[in-house]
Each structure stands twice: as C-alpha cells, then as structure tokens.
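Trainee: Could we go through this structure together? I would like to understand what holds its parts in contact.

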Amino acid sequence: MLAHASGLDEESAIKNFCSAFHAPPPRESPFTSALRETAAWRSGGWHGEPPCVAALSMTVLAVTEDPIGSANGVYRRQNKLLGLPEEAKAPLGYDSVTGIWKIWNEWLSGPGARYGRPSAQAHERWTLQGWARSQGLVRFSDRLLIEDFLSSVRIGPADVRRAEQVAEDFLAWLRYRGERGRKLLAKVSDDAAIDVLREVMGDEVVRWTGTRRRVRQGGHQLQALLTYDEWSEEFGLAVPVDQRLLGQDVVMDGEQVHIDEFLPYLRLPGEPDMLRSGASLAITEGVKVHFSPEPAYVLRDEPAVEGSLQARGAASSKAYRVLVYGQHLAETREVLRRAGHGGDPEPAAATGWYWFTDVMTCPDTTELRALGLGSLASPRPAAMELSGGLRVSGDTYLVGFEPDLAVPEGVAVTLDGVPIDVPGGASTPLRNRSLMPGTHVVSTDVGDSLSFVTVTHIQERARGSDLGWRLGTGLEPVRDLDQPVYTMTLSGATIRGITLQTPLTARLIAGRECLAVSVLGEIRQVWPATEGWLQAIGLEPGAVDLSRALRDLLPNSAFFLFRSQRTGAIDAIALHPDAAASPGKVPSVTRPDLASALFQEWRWIGDAETKLRDEILTKTFGWAHSPAATTRPAPAAYQGLKVDLRTDVIAGPVETNPYNDILNWLSERERGTASLEQFRDAWAWSCARHGLPELALEERLALYRLERLGFLERDYARRRIGVARPALSALPSANGLLFLTGARPTRLMQRLDDESDSDEVIAEAIMSTDIQQRTQLDAHGRPIAPTVIYVSFDPSEAAVVRAGMERLGVAMQGFASEAILDHAPDARHALGLAMRYIGSPGRHFLRRKTGPEGVADWSPASSDNPRGLYEYRLPYGSVFAYRTEWGGDLVKVDRQLGSWVDTGAQGHRNLLKYLLTQRKLFVPRGRSLPLPPLLDRALVLRTGLLPTATTLSPRGFGRSANYWVYENVDLATATHVADLLAQTLDEITREDFVP
C-alpha cells in the first residue's frame, strides 16, 4: 500500500515512511502528538482526513515485521522502526496508542463507515500492543508462508477471482507445515479472521510475480530451492540470481564470487536434515536466504545446476520426480495414483525419504496443493497465451511445430477468423491445424489477440554455430572458430587446423577377384568382407576399404586389382607407398597361376602408373617359378563371418523421435544457438508432442548424447548450446562410409535426397551418393539419438561429391575419431600441465574413495591433505582437484580424467577389457568412473552409434561387472585409449566369460 501510494518500490517506500519518524526528537512522542491531533479532529466534527493514519500504521508495521530478540519482541522492532535504540520496552508515549485506536473505531462506526467496519480491539495480555496486533493478524513471517504456498502452486495475478478458493487451499496447505503452520491456523480459527485472510490472499495473489520478493527493513529475503545431484546423491541449495544480486561480490565458503548475468543460480551446500527443518543463512550483508521445509518436494531436470532442481512458481516441465517424507508416503501415493501415476516409490539417499520418478503433469486438486505438489498441476492460463512449439526466432515457428494455445475458461476463440474449439483452462496444440506458412492471428471474444508466423525453413544451407574447442593438452573453449589464433579446433566432429587421414577406398565390383600385387611381383588374392559391425546393423556398402582389405600386405603392395573371372579384364588402382595400413594380418593365398594373365591392358581407377606396372610385371615370372609360389585353395572362413542383426538398431528413421526435432530446430535458429532454458522447454515440448512425456525428465541425458555424437557443443560459461559445424566424417573400418554430424536444417535434409536439385553441382553430387539411415533404440523401443545418416559414394566421384557438399555447407573430411585421440589429454601428463591451487578451493568438499572392485563413491572429508581426488562445492558449481601425495600439490583436473588418475593410483589398472575377435572395447559402466568426453566422442565417431550396455560374468573366480561396449575398435586404438587413461588393456576371449 505504501509503495502504491508513493510510487516507490516496496523497500524504498518503507524506508521513506520510517524516516519521517527519525527527525530530531520533538518535545513529545509522535504517538502523543497523534492522540492530541486526533482528539481535536473529533471535537471539530471529523472534518478532513484522519490525522492518526501514519501513527497507527507505524504500530501495525511493528507487529507485522519479524520481532527482534524473541518471538514477542515487538517493542524492540517498534523502537528500531522509530530510529530509537532496540530496547525491550514501550517507546515514549506509546500509552497514547489506546486512545488513538478508540477514536479510530468511533469514526469507522459513524462518519467513516463507508471505509469499513471497526475491527481493532484490545487484548487481555497485550493491553497496549493488542490493538495493533488485531490489525496485524498476518505478520511478515506469515506473508513469507503465503509466498511459500504461492511458490508451490500454479497461480497468476488473474487468479485473484479465485482468492476465496486460494485461501481455502492455503488453510489445507498449512495443516502439513508443522509448528509454523499450526501457529497461523490458530490465529484464523474464526470467521472474522478468515475474512481478513481472504483479503490478504487476494492482495498477495495480485502482487505475486512467481518468485519471492518480500522485503523488510534491513535486508532482502531470498527463497532458495532444493537441488539434487544424482551422481553423488547429494542435496544442496540453489538461489536464483536476480536484479538484487547482479553485480555483487559475495564471499561464500572462503571463495569470492562475482555475480554476473552468466550465473543463473548461486549454489550452496546442504544437508539431508534441512529437508525437515529448513534452512536460513546470510549470503552477504543485508541479504538472507530462506529454505522452507516441505512434506514433499517436486523436482525437475535442470542443466544449469547439473542435476535436479525444485520446481517452484512458474517453472514447469513435462515430467518430474517427487521426494516425499515417509510419514506422508501413503497419502502422496494415493494422490499420485488418482492423478494417473502408478509407479512405486524408491528409497532416497536421505533417511526416511522416498522418490517417485517420471511423474507427469496432472489436474489441479486441493489435495495436491496441500502436500506442496501444486507444481505438478497443469498451469491455469491467466490470459490467452502461446507455449511450447519450436520457435526459431521472435514469434516465428517451423511449420508442423506450432505452439500450444491456452485460454481462460469461458472464452470463445478464432484462428485466422475461423472459430476453433479450445477447452478453457487447458492447452490445445495448434500443430494439428495443418497451418500453411505465413502469419496467423488468434483472437478471443473479449478483445484479446496475438499473432505468430510459421515458415518451412530459415536456412538454405547447413551452418554451424561458432562454439567449439581448441585441441591441445586439454580442451579450451572457443567462441569464434574462424579466428586464426586457434590453429586446431574441434566443433562436433569437424576438425580444423590439421590434415585428417582419409580412407583408401575403391568401388566394389561384384563377381571380380581381388588381387594385391607387391613391389616384388608377388600376386595374392584377398576376400574383402563387410565389417562385422556393419553387418550387425544391416549395412552393405558398395565400396571396399583397401587398408582393411590388405592390412599387413598394404605396405609392400603396389597395385590393387579387380579381375573378371569370365573375361579376364582388369581394373587397377595404384597404391601410394606411404598409405597407412590397418593393423592385423589379412587371410590371403598366392596366385602364381595368374602371372601371365596380368600381361594385358589395365583400366585405371585414378592415376595411371603404366611404367611402374611394366617394371613390376617383369618380376612376376621369377616369383611365379619360385618354391614359395604355390596355389592353395581359399579356406571356408574367407567367405566372411556372418553376424546376427542388432535388435537395438533399425533401418530408416522413426517418426516419433524428439532428437530429430531438436536437431532440426537448433539448426534453423539464427546463429544456431539457444539457451539451456530454451533447450529444456523445446525438448519437453517435443517429447510431449510424440507421446513420450517420460523422456522430458531426461533433458540432461539428451544434451549429453547430442554432444558425444558430435551434433552440438555447449558453452558452459554463458549457459548456451550451439549446433556443431556440419560435416561428413569418415568412419574407420567402414568400407568407405561417412557419418553426417552437426547441423541438419530442413533444406539440407530435403536436398540430400533430391537428384533433380536446381543446382547442377548439388544434383550431380546427390546422384553419385547413396544414403542409408538407421535409428538406435533403448530397451523400450524409444529413440536415443537422432537418425544416423550414413553416406557412401563411388570413390572415383569424390571430387564431384565434395563440390556438391560444399554447396550445401557440409565439409567432407577424414577420420576425425583418430585425430581426436591423437590430441586427447594423457592422464600421466595432465597433472604436470594443470593449474596448481595455492590453497583449498573451498571449505566444503568430498573425497573420492575406491573399493576393492574399483567402484568408487564420494563422501565428506575433514581434510584434503591425503592423496586423492576431491570435489569442492562452490557457489557457482563444483571444481575438482587431485592431491598427488600427502601434503603435495593440489592440481586442478576435470572430474572424468581425475577419476581415472585416482583409480590408477589406487592400483586398479586393468579395468578396460578388449575382445579382439569382435573388435569391441569394454569400459566400466557407472557414474563412479566416467570416460573423459574427448575419448568417448572419439570412440562414438568410429560407428556413429552410442555404446551399448552389457554385463561380463567371468568363468570361475570373479564378480560380474557392468560395461559400456564400443564397437569397431581395433587393437591399436584400444591400446591407445588405455594408455591415455594410465590403464593396461586386458585382452579377453569369448571363453573367458559366460553369457
């Protein structure tokens, strides 16, 4: 009211009001003066405004603000407001207050009746304070309770019409809030008090902005939210950063933090006990943080805190997890069951608490609000609004991905002038309206209208964002990939600054013998076969990978020949003497019987080497008549090893794939970037669009998967993501296949399948390529990644394909996976190059402890002097450091690499398993030992597929263990990965383990 009358904000209005009482001490108390002036006003016939309003307001302010010193310390508070010493006695002249209130009631009973009825009254205990206390029914702490309630439900200013129902919901909510709720319930036990409460609730609903902004003299009260880290199973607090905190420097846990616009939440340590008792602490002078205890908490996934965050106010999701205290478990289970959730609770890390996971939004009920689960309710629209959809800029959406429309109850709606049926109080999707591209207008019969635009596409060619990483001793962020200072950069799977090795391939000619001719004239027949991992996903490329087909023969081979068994015609490829061979020995047989058959004209694939051919063929007769040149029949194994098809990878795209939506949306946005909040909302909306709302809770997992597959990069400092540079990256041991990574705008996907493109260069390239698509699924048949797009082409048409792809904005490159491994940080050397801490980064830390089987967990430590890996919980996030020895250097490391260093230092050095016959690498699965991101991405880029989960059960002695399985990993690569992690590769055989 003071703020409204003065035009100031609340804090300034209160300060300004109190300052009027801080003038040099008058000859009499302000209350005595007010009584004298009020008595004269009455004697004069009540003419003019009541002169006592300011004095009475000061007495009410004292009882509505929090008391000082004790629960009933009103006089200390009153003296402080008056600018007097905080003494526990009535200020001078306070006995005049009784007379002022009596005259005030007399006026309201007569001439002032139109302003309301008299309600101030005396109290048998508080003979002087009682009058103000009767008017201060709802005190400052009670209004904080109201804000806690409003935070836990879906409510907006327009809901003031529902103030009476909101008040009833609030009373039900109080019954679950322990002692603090019982105190307020006791004060509103009669009809008159409930009437006052309804008025207060109406006022608070109008003032409510979705977050706590309550200000009292002397400081701010900020509302903290509960966080939960699934990895460490730790609870904590997060304070949303707003205008009150921006620009401040705060010191927390010994760490000075400058709060800027890139810090969305100030993170604080927490304890499980706070779930029942709440918490209150000062984070800087004049700013306090309050955390309210609840019988149940609603949490949603939040990338900004690297975990789950309590859902309060306007924050929403499509799926949640609910943490409930055991005392209310049965009641909560029943409320959720009636709302359609049938899952069973699981014990939480905090004793006596339980989790319900994958809880969907549901209809609003009083029981839901009472338990504090109002955030689960579907939002009630306060006015017509658009939500969701895939917005690419401003009010522009992609066709087919239009937003949802919500309107208040009882409102008629038209879309582009045509009436449509929209249920009041709920959202309806506009994507089902088959809207054409263009501007669309939604109007209501109460005069509201809004418009939006739909487009089929924005980008004509693929463009990546400017986010990426500089490769070297460690990853460093790059925000402009085209700056020349960054000589070697990584964006998704696109590497600049070095020349990538390209595959040595040739178009496979069916029905031809494949021959290798050495520099000494030796002729050997080989049988190129489709790689096992390709067979498993049903791919049969039309090319042959010469480095895999020849392997140990390649370094001494001069030519690779395709010879027709029917006509004897020969197609030849000249091999470069420096061509890199794949490791291993290729099965082959000598063919001295063909020595004379090679003396004919060869048709060259690529550059002709006629002179070298003549020189080598003169040597073939000498070799053909040597004792070593004997012809042997090809073993049956040469026919190729047959592999069973994988059930988790299917041919073609899946229509209900939110990963495709998100990748397309991000690729069409201006500059190809979005905030984490925009990603979260788009992901949740897309999951709901496809009838997969349970996946909405996996937004961080989705973000992680898209990163490791090379589709996007993340700017951790600015909390943004950017689509990666588009590229066709060669896959090792893949018979010439390339994997499309990075941006995938709509037009790119259309033109990749259009042989009649208006651009002749693109059309010619498309006619020379073959595209095959695969989708990887989870155990429930749901997609876990965007559609995998494999591209193959006739190697003789490489220049044509490269030119066409360049027109489309897609780079063609060699083996990005091998280049990443060559520049990945080495665990042995990383500690020597990393930053040293002079002292401990923070006072609250956890130490990683590894068990006998190499499985680790984190627990609080009293000292960080012993050798080991530590996590320091800081206001802006966690940092990790490794102590090399007792009292030695404390070295900054990332979590993943630090975990492997710590594991190796404790003697666990053979955790990586390798199955040579199937070219599979097994990496321990679990949050205690994650693979460093660069190594993980390098291994994923060998197939374009995410690793699968399996369990290895050793025969005989030993325990079963869970692993991630990476396919298409040769022995040299597996050994390299082990070396980078300071591990020794453990080669196994199928006989070592039982299924």
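This is a predicted model: local features need pLDDT of at least 70, side-chain atom pairs count only at pLDDT 80 or more; totals for chains, interfaces and linings use all residues.

Trainee: How many salt bridges does the structure hold?

Mentor: The structure holds 46 salt bridges. One of them is formed by Glu713 and Arg937, whose closest N and O atoms are 2.6 Å apart. This pair links distant parts of the chain, since Glu713 belongs to strand β38 and Arg937 to helix α27 (residues 933–940), 224 residues apart.

Trainee: Is Glu713 buried or exposed?

Mentor: Glu713 has a relative accessible area of 1%, and under 20% counts as buried, so Glu713 is buried. Arg937 counts as buried because its relative accessibility is 7%.

Trainee: What else does the side chain of Glu713 make a polar contact with?

Mentor: The side chain of Glu713 makes a polar contact with the side chain of Trp469, at 2.8 Å. Leaving aside neighbours within four places in sequence, the residues in contact with Glu713 include Leu467, Gly468, Leu490, Arg720 and Ile721. Strand β38 itself covers residues 712–715.

Trainee: Which residue forms a salt bridge with Glu294?

Mentor: Glu294 forms a salt bridge with Arg177, with the closest N and O atoms 2.7 Å apart. Both residues are in loops: Glu294 between β9 (287–291) and β10 (296–302), and Arg177 between α9 (163–174) and α10 (178–187), 117 residues apart. Glu294 is buried, and Arg177 is buried too.

Trainee: And what about Asp552 and Lys585, how far apart are the closest N and O atoms there?

Mentor: In the salt bridge of Asp552 with Lys585, those atoms are 3.7 Å apart. Asp552 is in the loop between α16 (546–550) and β32 (557–564), and Lys585 is in the loop between β33 (570–574) and β34 (589–590), 33 residues apart. Asp552 is partly exposed, with a relative accessible area of 31%. Lys585 is exposed, with a relative accessible area of 67%.

Trainee: Let us change topic. Which residues touch the most other members of the largest nonpolar core?

Mentor: They are Tyr790, Met805, Leu912 and Leu921, in a core of 110 residues. Helix α19 (residues 676–689) supplies the largest share of this core, seven residues. There is also a second, separate core of 28 residues, which includes Leu226, Val239, Val241 and Leu268.

Trainee: What is Leu912 in contact with?

Mentor: Leaving aside neighbours within four places in sequence, the contacts of Leu912 include Trp900, Leu921, Phe922, Val977 and Leu981.

Trainee: Now the rings, please. How many aromatic pairs are there?

Mentor: The structure holds 31 aromatic pairs. In one of them, the rings of Trp41 and Trp46 have centres 5.1 Å apart and planes at 85°, so the pair is edge-to-face. Trp41 and Trp46 are both buried, and together with Trp104 and Trp107 they form one aromatic cluster.

Trainee: Why is the pair of Phe845 and Tyr870 edge-to-face?

Mentor: The pair is edge-to-face because the ring planes stand at 85°, and the ring centres are 6.0 Å apart. Phe845 lies in strand β46 (residues 845–850) and Tyr870 in strand β48 (residues 868–874), so the pair ties together parts that are 25 residues apart in sequence. Both Phe845 and Tyr870 are buried.

Trainee: Where does the charged end of Arg276 sit?

Mentor: The charged end of Arg276 sits over the ring of Tyr325, 4.1 Å from the ring centre. Likewise, the charged end of Arg925 sits over the ring of Trp964, 5.6 Å from the ring centre.

Methods: Residues are numbered from 1 along each chain as its sequence is written. Side-chain values use heavy atoms; hydrogens and water are left out. Helices (H or I, at least four residues) and strands (E, at least two) are DSSP runs, numbered from the N terminus. Buried means under 20% relative accessible area, exposed over 50%, partly exposed in between (1.4 Å probe, protein chains only). A polar contact is a pair of N or O atoms within 3.5 Å; within protein, one must be able to donate a hydrogen and the other to accept it, and residues adjacent in sequence count only if both atoms are side-chain atoms. Contact means heavy atoms within 4.5 Å. A nonpolar core is a set of buried Ala, Val, Leu, Ile, Met, Phe, Trp, Tyr and Cys residues joined through side-chain atoms within 4.5 Å. Rings of Phe, Tyr and Trp (its six-membered ring) pair if their centres lie within 6.5 Å; planes under 30 degrees apart count as stacked, over 60 as edge-to-face and the rest as tilted. A charge sits over a ring if NZ of Lys or CZ of Arg is within 6 Å of the ring centre and within 35 degrees of the ring normal. A salt bridge is a side-chain nitrogen of Lys or Arg within 4 Å of a carboxyl oxygen of Asp or Glu.
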